[in-house]
Amino acid sequence: MSGEQSLYERLGGEDALSAVVDEFYERMLADEQLQGYFEDADMNSLRAHQVQFFSSVTGGPVEYTGADMQEAHAHLELTHDDFEATAVHLQNTLESFDVGDENITSVMTAVASLEDDIVSD
């Protein structure tokens, strides 16, 4: 056992990820460019899936069981600009929680790798 913490542990585990997700969605819902995508969304379910997703991709003890990224986002017809705006909100949220630069880079790299599956244009 190397003793090295997973990104999930370095970020503070489920409680910390839940707080980050809540703040992230507050920022998304306040953004005029993005808020329309959430008009018919079940935000409690969306938040729960997002916590599960972030827990899974950061090495937490959670397996993501939601739809794959392409399936989950296809009906939204998201643009590259939407993706970029979302990424900025995520990065700013992580910074507001004093997440270290190295950990932010790890999260943002994982998110960037999903762009082709999320963006429709």
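User: Is Glu23 buried, partly exposed or exposed, and what is its relative accessible area?

Analyst: The model is predicted. In it, Glu23 has a relative accessible area of 24% and is partly exposed, because buried means under 20% and exposed means over 50%.

User: Which residue does the side chain of Glu23 meet in a salt bridge?

Analyst: The general idea comes first. Side chains of opposite charge can pair when their charged atoms come close. In this structure, Glu23 forms a salt bridge with Arg27, at 3.0 Å from N to O. Both residues belong to helix α2, where they are 4 residues apart, or about one helical turn. Arg27 counts as partly exposed, at 25% relative accessibility.

User: How many salt bridges does the structure hold?

Analyst: The structure holds 2 salt bridges. Asp22 is partly exposed, with a relative accessibility of 35%.

User: Which residues does Leu90 touch, not counting residues up to four places away in sequence?

Analyst: With those neighbours set aside, Leu90 touches Phe24, Phe54, Val107, Met108 and Val111.

User: Is Ser55 buried or exposed?

Analyst: Ser55 is buried, with a relative accessible area of 1%. This residue lies in helix α3. Leaving aside neighbours within four places in sequence, Ser55 is in contact with Tyr8, Leu17, Gly60 and Val62.

User: How many cavities of 30 Å³ or more does a search of the whole structure find?

Analyst: Again, the general idea first. Rolling a probe the size of a water molecule over the atoms shows where empty space is left. The search of the whole structure finds 1 cavity of 30 Å³ or more. The largest cavity has a volume of about 40 Å³.

User: Which residues line the largest cavity?

Analyst: The lining consists of Leu11, Leu17, Val20, Phe54, Thr58, Leu90, Leu94 and Val107. Of these residues, 7 are nonpolar, 1 is polar and none is charged. Helices α2 and α5 each supply at least two residues of this lining.

User: What is the volume of the largest pocket, and how many residues line it?

Analyst: A cavity is a space from which the probe cannot get out, whereas a pocket is open. The largest pocket has a volume of about 780 Å³. Its lining has 32 residues, of which Tyr25, Leu46, Gln50, His73 and Leu76 lie nearest the centre of the pocket.

User: Which helix gives the most to the lining of the largest pocket?

Analyst: Helix α3 gives the most, with 6 residues. Helices α2 (13–30), α3 (43–57), α4 (69–73) and α5 (80–96) each supply at least two residues of the lining. By class, the lining has 22 nonpolar, 7 polar and 3 charged residues.

How values were computed
Residues numbered from 1 in each chain as written. Predicted model: local features only at pLDDT ≥ 70, side-chain atom pairs only at ≥ 80, totals over all residues. Heavy atoms only, no water. 1 Å grid on protein atoms, 1.4 Å probe; cavity = no way out; pocket = protein on both sides within 12 Å on 5 of 7 lines; lining within 4 Å. Points joined across faces, edges and corners; volume = space filled by probe spheres on them. Nonpolar A, V, L, I, M, F, W, Y, C, P; charged D, E, K, R; others polar. Salt bridge = Lys/Arg side-chain N within 4 Å of Asp/Glu carboxyl O. Buried < 20%, exposed > 50% of the residue type's maximum accessible area, 1.4 Å probe, protein only. Contact = heavy atoms within 4.5 Å.
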